[in-house]
Amino acid sequence: MSDPNNPHIEHRTTPQWGLYQRENFWKVNEGQTVPFNTDPIKLESLAHQKLSQGGWLYASSNAGMSQTHQANRQAFYRHRLIPNQLVDTNRRDTTTTIFGHRVSAPIGFAPIGINKIYHPSAEAAVAKVAGELNLPYCLSTAGSTPIEKVGEANGPGNPRFYQLYMPHDDELTISLLQRAWDAGFDALLLTTDTWQLGWRHDDVAGSNYAFYRGMGADLGLSDPVFRRRCQAEGIDPDKDVVAASTKWIDSVWHGRAWSWEKIPWLQEQWRRISDGRPFAIKGIQSVADARKCVEYGVDGIVVSNHAGRQVDGAIASLDALESIVDAVGDRIYVMFDSGVRGASDVVKALALGARFVFVGRLWIWGLSIMGEEGVRHVMRSLLADFDILMGVAGFNSVEEFDRSILESYPKMYSLIPDRVL
């Protein structure tokens, strides 16, 4: 929909995301340039140029030999979309509902930690853009901006969720949950695949760990319970930031695993604090674990392998999604992330049964290149891509994405280079 005077615009129920294409085509007429190329390969390359070595390595490193990361991308290649022709898509609707929120598209901001290493504006800039676009924002416990400031930046009434790395300190966990709820975060996502960071060769080789340099512990440094814990050990969190930051991250990625037995307690605490708002588990890859989530009364799951950053040689998250949806898709709200690089990837995940898709590295690269405006450009481009794809492929709503729109080929992981997009 490149004509801003198209009479159908006034009848559409969602913003005309596709018009962002026209806006960029027109810039040269006004002596302006497009912020940067959003082709994922070129986007990643530009972010590499902009970031410090440490920032780049933390953004790009995967577990082991990156085999899980590679599998994530290959899984998307084996599914091909089947477009429809001569379908009236003039009034198509890109919206969907997640946890009671009507949002612009089935696309959200995945939780990513220490945004400050990518740009000084950090999580606040990202949350602001998410609010503008009415897309769900998810704040990581490893974020580098206090919960309250992120909630304020996101804006009143906007959908925002809190991702928890659960400390082995119940009082601290409850404090984090209460702060998140008070700041307007109304769904909780517990990540279960990161009790400890996966082995990432480049980060290890360069001692590349911002937390041990005093950066990225803002959620802890602003927490009253954690500050008391520091003071009890003789650490002044305002003066000895390195020691406090080290203690914080060692409390969060602590090398000590939780088990299913802890889930009822966490559910009880969150539902008490939030008056029953949704609780989800992020990191599910097996049918057995998905069934366990149903058994425990979990409201939703994020089928995710942490974008290949935790377990090397694991199955592709998209392949896991297919099996999990078959097993429990009618009994739990299924979400997806890992390896998404464009609108067609979003559509494929939805067609395989996900009800919502989170993206991460795309907006991190945009943040790295141009801060808030970089995030805005990347996400408006993704929305435009999604809107236009629906228009030209013959889809009027996200409910039309199911397996009938895919031609799918057998799983096959051929030998490919060590680094792929």
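Predicted model: local features only at pLDDT ≥ 70, side-chain atom pairs only at ≥ 80, totals over all residues.

Residues are numbered from 1 along each chain as its sequence is written, and side-chain values use heavy atoms, with hydrogens and water left out.

Helices (H or I, at least four residues) and strands (E, at least two) are DSSP runs, numbered from the N terminus. Two packed helices are described by the angle between their axes and the distance between the axes. Axes here are lines fitted to C-alpha atoms, for helices over the stretch in contact, and angles run from 0 to 180 degrees between N-to-C directions.

| Helix pair | Axis distance | Axis angle |
|---|---|---|
| helix 13 (residues 287–295) and helix 14 (residues 317–328) | within 9 Å | roughly 40° |
| helix 15 (residues 343–351) and helix 16 (residues 361–393) | within 8 Å | roughly 60° |
| helix 10 and helix 11 | 11 Å | about 120° |

The crossing of helix 13 past helix 14 is right-handed, a term used if the near helix is turned clockwise from the far one by less than a right angle, with left-handed used if anticlockwise. Contact (heavy atoms within 4.5 Å) joins Val-287, Ala-290, Arg-291 and Val-294 of helix 13 to Ser-323, Ile-324, Ala-327 and Val-328 of helix 14. The residues of this contact comprise six nonpolar, one polar and one charged, where Ala, Val, Leu, Ile, Met, Phe, Trp, Tyr, Cys and Pro count as nonpolar, Asp, Glu, Lys and Arg as charged, and the others, Gly among them, as polar.

Helix 15 and helix 16 are likewise oblique to each other. Their contact brings Ala-343, Ser-344, Val-346, Val-347 and Leu-350 of helix 15 against Leu-382, Asp-385, Phe-386 and Leu-389 of helix 16, and its residues divide into seven nonpolar, one polar and one charged. Helix 15 is mostly covered, with eight of its nine residues buried; buried means under 20% relative accessible area, exposed over 50%, and partly exposed in between (1.4 Å probe, protein chains only). Among the buried residues of helix 15 are Asp-345 and Lys-348. After helix 15 comes Gly-353, with a positive phi near 120°.

Helix 10 and helix 11 are also oblique to each other, and their crossing is right-handed.

Turning to the strands, strand 6 (residues 160–164) and strand 7 run parallel and are joined by three bridges, the pairing criterion being at least two DSSP bridges between two strands. Tyr-162 has Leu-188 of strand 7 as its bridge partner. From strand 7 (residues 188–191), Leu-188 and Leu-190 point one way while Leu-189 and Thr-191 point the other, and all are buried.

Two loop positions complete the picture. Asn-305 lies in the loop between strand 9 (300–303) and helix 14 and counts as buried because its relative accessibility is 6%. Leaving out residues up to four places away in sequence, Asn-305 touches residues including Thr-68, Asp-193, Gln-285 and Asp-337. Asp-240, in the loop between helix 10 (224–232) and helix 11 (241–252), counts as partly exposed at 38% relative accessibility. Its C-alpha atom is 8.5 Å from that of Gly-214, 26 residues apart along the chain.

Methods: Parallel < 35°, antiparallel > 145°, perpendicular 65-115°, else oblique.
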